[in-house]
Amino acid sequence: MKTLTSSSCLWLFFLSSLCPLSLSNQNSNPTLCIPTERLVLIQLKTNLIDRANRLSSWVGHDCCSWSGVVCNNVTGNVQELHLRGPDDGIHGHCQGPYDTDEELAEASKQMLGGTVTPSVTKLVRLTYFDLSCNDFGLSPIPTFFGSFQNLKYLNLSRSQFSGEIPHQLGNLSTLRVLDVQDTPLFSNLHSKSLKWLKDLKDLQHLDLSAVDLASALDWLQVISTLPSLLQIHVSLCGLTQFHSNLTEVSFTSLTVLDLSYNIFDDSLLPLWIFGLNKLVVLDLTNCFISGLNPGTHGGFRSMPYLRTLGVASNSFVNSSSLLNELSSLSNLRFLDVSNCNISAPILGNLRNLSFIVHLDLSNNQIVEEIPKSLSNLCNLITLDLQSNNFSGNASELLERFCECESPKLELLAFRGNDLTGQLPRKLGRLKKLGSIDLAYNQLTGTIPDSVGNLSLLKTFQMNINQLTGSIPDTIGGLLSLNFLDLSYNNLNGSLPETIGRLGVLHFLTVHHNLLTGTVTENHLTNLTSLKTLWIGDNKLVFKLSVKNWIPPFQLEVLRIGSCSLGPDFPSWLQSQTSLAEIDLANTNISDTIPEWFWTTFSSVTFLNMSHNNIQGRLGNISFLAPGAVLDLSDNHIRGLLPGHYNRPDLDVLDLSYNELSGSVDEFLCFGIQEVRQLNVLNLGNNNMSGVISDCWMNWELLVILNLEKNQFSGMIPSSLGNISTLLSLDMRGNKLSGNLPASLLNSKSLIIIELAENELVGSIPTSIWRHNTNLKLLSLSSNKLKGNIPVQICHLSSIQIMDLSHNDLSGNLPTCFTNFTVISGREKSSPFLLYDAIFQNQVLGSASLVTKGRVSKYDNILYLVTTLDMSDNKFSGPIPNELVALLGLRYLNVSQNNFTGRIPNVFSKNGVLESLDLSINHLDGKIPSTLSALTGLSFLNISYNNLVGRIPTGPQLQTFNATSFIGNELCGDPLPACSPDIGNPNVKQDKSNDIDWILVMFTFIGLIVGFWIITTPLIVSKGWRNAYYNFLEEICIKLRNAILILFPCFKRHEARHEMLSSSNQVQQFELSQYIFGEPKGFQKELSSEASSSTHNIQQSY
């Protein structure tokens, strides 16, 4: 920061210290110079290099009339030499700033070079010597400069001297102004000690800016002894510490103190600074002073004359007492408190600073509503409040600035706040505005037509707001505009043709809006200075009437992705040989890439032609610069992947979703002599095949490797797990076989391992020994893995997505899932940001997962997904309580297994479970009550188990379809209603219709036992049998007689009936033998006995 120019300050102090002089060329009676001194000047000219003939007037005898020479009016001695080189004439900047190389070259010609002859010391009356802003080729400062006896002003600033500052300069006892300022950032000059200054007691102005004083630990002790000092400039000198024991200094009349750009990290502000009550300028910019010394008093209130205060990047300013004292600085013109970590309101303390012209509060954390009083500061030239938390309506503030009697505002920067409101219609009254930056706010409304009156406006940044309406045609009146950014708004309508009038515009970006209509040559014809054209992500259509149109500009950045450019490849690109960034993605090109495209450009860093219908084969990409991004994905490019594509040190190579075929070996392994820089390699969704070779030692910087959905076969190289930078490995949907390498699961870097839909065999490795892996997604579904899930898998504590479905895994599930920190709810997840190059490519983790009964693709919100999928395996045993009690788990699928037992009753209502699939197992019992309390559950499938009872009522279960519960013995909504008494605890259950299987079993056993107890003796003993049958006959006779007595009608057919009855008996007995399965001999015996018995009965009657 330069607030007072060095040259003007030097003049002021020099003129105040010297007696009045008259320039020889202004004297009516000019005095001829002394001949010996004229010879000295001739020698000086001879040894100087003067490419611009600045010293062409140094001829003739009257040296006092020569340019830059001032003689004493009386004695004729040369008293002043003004040999300063060129500067910008405004700020005293040597060697710039210059707008073009041509201007810099012309300025360089004006600089003197060569050497300074020692004879110059013979100018014994010389009091003023200015050699600043020249180029002496890094030669040392001559030691004989210390021999001038009367020198009071010496200026060697920015003249390309180098080496140690000669201590002989300390002999210049009469010196009042010493300026040896070096060129910033180079520090060609240095001094190990400043002891040589101690005798310069008359010194008033000292400028050592950019001189390396890192070794001069005595800098403050020496300078503090110089009582006459009025200005101290030691900016950018490598100073690192104050001396804490120094509490007083002798230069109490100091008006300018510039310590800027020295890093006094963790130092406290010295007490003596607030004792300098005559200070006009205090510059501590970027000193990183952390706090105030104990006992500090006075503060800014003790500096009533302060006009310039630069304290940016110092934490000590974040003090309420110091901030409140700013209101007392009524003379303040310049205030910079940016980057000071200020959070407290401050604008209210500045309402009385009516003279202030520069106010910079940027890059703090100030939380404050912008007060209306700020608009009273009508003298403001620069107002920079960007990157804070200011809020409020900006409309009224801007309108009041527009109403200032003579608005002086040149820079208005509110970027990165929370401001609302609209741009005022009177914005065009701020005619001196050169820069408007209101980006990253919440401004609405339209761009006013009056903006076209800002003829001095060079920068107009309104990106990332909520502006609507169309871009006004009046924007064509901004003839000084060179930077226009309206991106990320809701602007609609067409791109105005008047934008083509902006002849000095070099940056035009209106991407990510809702612009429609056509773009023709008229929009672009006069944009001769344009370097960046970024109008993509709109709905613009390029319609060029001239077939072989050649643009008037030479672009460096062309980004027109998502506009309609095709179907033909744009031939006008052939003229844009300086292009470094090309974005033609999704532009409806249906063509082959012409041959000239591969040879036109020389150093492209970004090339994106994805999402088109480009055909043909891959060409030569030697025009790509190291670190370039190449994205040709989602086209119809055929053929092999050329081996030479491994030669450019690309950062990103994306050829996915094409029709590439063949092997990847030549690319991975051929002709590579050193490690490649590639970060992202995406060859997914092609037709490539073959074995994946183990050449990964050449690709040690890979971050993302995607080979999904090809035809690769063979084993997965274990060396992939040794790539320390690899974050994502996706080989889904190939024909890879063999075992799963343990090195992948032990990788410290991998976040995503996607190996689903392959032919992997074996078991999940047990040698998972790392406990600090970063693995978040592990997908091994649809392979041929067998065995148990090892407990060591729980070492992968960062896992939040694990898919082991569709394998042949078996055994019981481990109970250690609580080790997963995100799934258990102990930690929050963060986005899977794998690669991010600003405005180029951003790669987030993505995955296809079965959630809520369907396959879903996740990318932007993948980090919010937490899932465990172990479906379609052969797991058995109970479902662990620990599995369903995970508070951070959103999706759980263990369907199509052999789980038994009851559903755990440990579901937590504080969890986030959204999807639960327990279907097709052997679970029994009732649905647990805790399951019905899950308010976030949106998918449930417990079908085809052995569950019984009423479905519990709750906020969610009744919202599911009946198919979620079928295949069980469940009832209740949404299934058919249960019996009224089922599930009612107040009604004693009626079990009379229930089958008591225990009673049935014992009854059946009793019948069998009783039968054989009776039958066995009859079989064994003939006497028992006769007695038994005699007993039966007696019973029958008595029964018959009783019937005949009661029913006499039967007597008429008595004999016949008796005969039939006896015959029936015999038949019944014979039938009974068959029924009970007796032996044949035994049947004959019974038949004989029965016949005999029948004969006896007949005789008795």
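Tutor: Helix α2 covers residues 35-47, and its 13 residues should span 18 Å at 1.5 Å a residue; the end C-alpha atoms are 19 Å apart, which agrees. The expected span is 1.5 Å times one less than the number of residues in the helix. Helices (H or I, at least four residues) and strands (E, at least two) are DSSP runs, numbered from the N terminus. This is a predicted model, in which local features need pLDDT of at least 70 and side-chain atom pairs count only at pLDDT 80 or more, while totals for chains, interfaces and linings use all residues. Residues are numbered from 1 along each chain as its sequence is written, and side-chain values use heavy atoms, with hydrogens and water left out.

Which residues of α2 are buried? They are E37, R38, V40, L41 and L44, where buried means under 20% relative accessible area, exposed over 50%, and partly exposed in between (1.4 Å probe, protein chains only). Seen down the axis of α2, these buried residues fall within an arc of 155 degrees, so they line one face of the helix; the arc is that of the directions from the helix axis to the C-beta atoms. On the other side of α2, P35, T36 and T46 are exposed. The buried residues of α2 pack against β1 (48-49), β2 (69-71) and β3 (78-82), a contact being heavy atoms within 4.5 Å.

A record also covers this region. UniProt, in an unreviewed entry, places the feature "domain: Leucine-rich repeat-containing N-terminal plant-type" at residues 35-72; its positions are given in the numbering used here, feature names are shortened, and annotations may be inferred rather than shown by experiment. The span 35-72 is 34% helix and 13% strand, and its end C-alpha atoms lie 14 Å apart.

Beyond this region, the protein chain holds 15 helices and 64 strands. Of its 1101 residues, 51% count as buried. Among contacts with a separation of 6 or more, 59% come from residues 24 or more positions apart.

Two strands pair if DSSP finds at least two bridges between them. An open sheet of three strands has the order β6-β8-β10, with parallel pairing. Its edges are β6 (139-140) and β10 (189-190), each with a single partner strand, so one side of each is left without a neighbour in the sheet. Strand β8 (residues 161-164) pairs with β10 over two bridges, and G163 stands opposite L189 in β10. Another open sheet has seven strands in the order β49-β51-β57-β59-β61-β63-β64, again with parallel pairing. There, strand β63 (residues 946-950) pairs with β64 over three bridges, with V948 opposite E969 in β64.

The interior can be described through its nonpolar cores, each a set of buried Ala, Val, Leu, Ile, Met, Phe, Trp, Tyr and Cys residues joined through side-chain atoms within 4.5 Å. The largest has 269 residues, and F129, F597 and L868 have the most contacts inside it. Helix α6 (residues 394-402) gives the largest share of this core, five residues. Leaving aside neighbours within four places in sequence, F597 is in contact with F569, I582, L607, M609 and F623. A second, separate core of 20 residues includes V629, I704, Y858 and V865.
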